[in-house]
Amino acid sequence: MHGYAHLFVPGPTNVPEPVRQAMNLPMEDMRAPDFGAFVTPLLDDLRQVFRTRTGRVFVFPSSGTGAWEAAFTNTLSAGDKVLMSRFGQFSGLWVEMAERLGLRPEVVDVEWGKGVPVADYARILGADRAHEIRAVCVTQNETATGVTSDVQAVRAVLDDLGHPALLLVDGVSSIASIPFEMEAWGVDLAVAGSQKGFMLPAGLGLLGVSEKALEAARTATLRRAYFEFSDMIRLNDTGYFPYTPATQLLRGLRVSVDMLLAEGMEAVWTRQHHLAEGVRAAVQAWNGCAIVAAPGFRSDTVTTIRVPDGVDAIQVIRTAYERYRTSLGAGLARLSGKAFRIGHLGSLNEVMLLGAIGAAEMALLDSGARIEAGSGLAAAITHYRNAGTAQQKAA
Ligand SMILES: *Cc1c(COP(=O)(O)O)cnc(C)c1O
């Protein structure tokens, strides 16, 4: 097989060459006298990605799911009420975890394609005069449907009501990709994973923790061992970890954080938006296809595309993979067979996305969709050229 295989799933994302090379090094001693001098500035710089000055960032050897668990178990107690909403596979799994851990989630179900129901949250929190709800959960970017929610609006609700609940954000497919302001938005726990916006392999669960959440951890009694914050703090404060850290991944993380900060978080967010607009233009040009996310909720990191009636999205994905060596994201759960996803986060550029759009277009045609060959590509090309020119002029 000649040429590259193409990866356009919303995680794992493409690993930039400098990051990959930084991970290709001999094993090292994680207790070496100079290892701490590597770790301390890394943990410190990560705060710039999460956008917190007063909070701290923990890096666990786990996937994002582990960071979810760390967030819950360190700050809550058995039977605590938590306010959650479910509008896709990931927000749904988060609810399931809360149940398994013995929390009492109050769940608002929302139609898939929309996001966190701010008005419902306001009503429920307003009625909670006894402040029984200890945490409010927001999946900032629902990776199954390609929906972005308004975290700031939930903060405003809590502030207006003077409600003391912790604000927990699943930012696994949004942090390091789209606007996220841990401190300015008053987020208490922010969960991320290495294989999405951080452009690394899976294996690191990252967690931004506010002072208020650290305070809550002093009295929270859910069972925890591996994910205990206080163990992490004790060793991190010296530049080390309470167990063997994933040293290669940390070396890669050093380079990916350097890349993000050199570009500037605002510039990263702008680039992501620009790339996403091209994908959305393409989908809208495909006759019979539709963006699952409602207007106002459309994510700049992943687009979920409903295929025309009579077309099997599983066949589209299989054809893209087998015939065009291109991985597209599957439609998850109730969207299985009905939709596919284009992940457009991480280390990507316009030409790579034209490849994704071209492959999707060919696979759609091969699977019987009556779209016009080149229609999506033409729309994306027009967007990228025009918006690109405007960006160049502004620079
Ligand atoms: C990928 C993802 C997760 C799960 O992360 P893992 O690293 O697979 O454990 C959770 N939430 C969202 C929004 C995700 O995109």
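First, the ground rules. This is a predicted model, where local features need pLDDT of at least 70, side-chain atom pairs count only at pLDDT 80 or more, and totals for chains, interfaces and linings use all residues. Residues are numbered from 1 along each chain as its sequence is written, and side-chain values use heavy atoms, with hydrogens and water left out.

The protein has 13 helices and 14 strands; these are DSSP runs, H or I of at least four residues for helices and E of at least two for strands, numbered from the N terminus. Its radius of gyration is 21 Å, close to the 21 Å from the globule rule for 395 residues, so the protein is as compact as a globular protein of that length. That radius is taken over C-alpha atoms, and the rule is 2.2 Å times the number of residues to the power 0.38. Along the principal axes, the C-alpha atoms fill a box of roughly 60 × 55 × 40 Å.

Now the seven-stranded sheet. It is open, with mixed pairing, in the order E2-E10-E9-E8-E5-E3-E4; two strands pair if DSSP finds at least two bridges between them. E2 and strand E4 (104–109) are at the edges with a single partner strand each, so one side of each has no neighbour in the sheet. On average, neighbouring strands here are turned by 20 degrees against each other, direction ignored. Strand E3 (residues 81–86) runs parallel to E4, joined by six bridges, and Lys-81 has Arg-104 in E4 as its bridge partner. Helix H4 (residues 89–100) packs on this sheet, touching E3, E4, strand E5 (133–139) and strand E8 (166–170), at about 155 degrees to E3. Contact means heavy atoms within 4.5 Å. Angles run from 0 to 180 degrees between N-to-C directions, with axes fitted to C-alpha atoms, for helices over the stretch in contact. Helix H6 (residues 151–161) lies across E5 and E8, at about 170 degrees to E8.

The other sheet is also open and mixed, with five strands ordered E1-E13-E14-E12-E11. Its edge strands, E1 (6–8) and E11 (290–291), each pair on one side only. Strands E12 (residues 302–306) and E14 (residues 339–343) are antiparallel over five bridges, with Thr-304 partnered by Arg-341 in E14. Two helices lie across E1, E13 and E14: H11 (residues 313–324), at about 160 degrees to E13, and H12 (residues 350–366), at about 165 degrees to E14.

Two backbone details. Gly-11 and Pro-12 are joined by a cis peptide bond, with omega about 0 degrees; Pro-12 sits in the loop between E1 and helix H1 (17–22). Arg-51 is not a glycine, yet has a positive phi of about 65 degrees, and its place is the loop between helix H2 (35–50) and strand E2 (56–61).

Finally, which residues surround the ligand? Among them are Ser-63, Gly-64, Trp-68, Phe-90, Asn-141, Asp-170 and Lys-196, where near means a heavy atom within 4 Å. Ligand oxygen atoms lie 2.5 Å from a side-chain N or O atom of Ser-63, 2.8 Å from a backbone N or O atom of Gly-64, and 2.6 Å from a side-chain N or O atom of Lys-196. The protein covers 88% of the 380 Å² of accessible area that the ligand has on its own, by the Shrake-Rupley method with a 1.4 Å probe.

Technical notes. A polar contact is a pair of N or O atoms within 3.5 Å; within protein, one must be able to donate a hydrogen and the other to accept it, and residues adjacent in sequence count only if both atoms are side-chain atoms.
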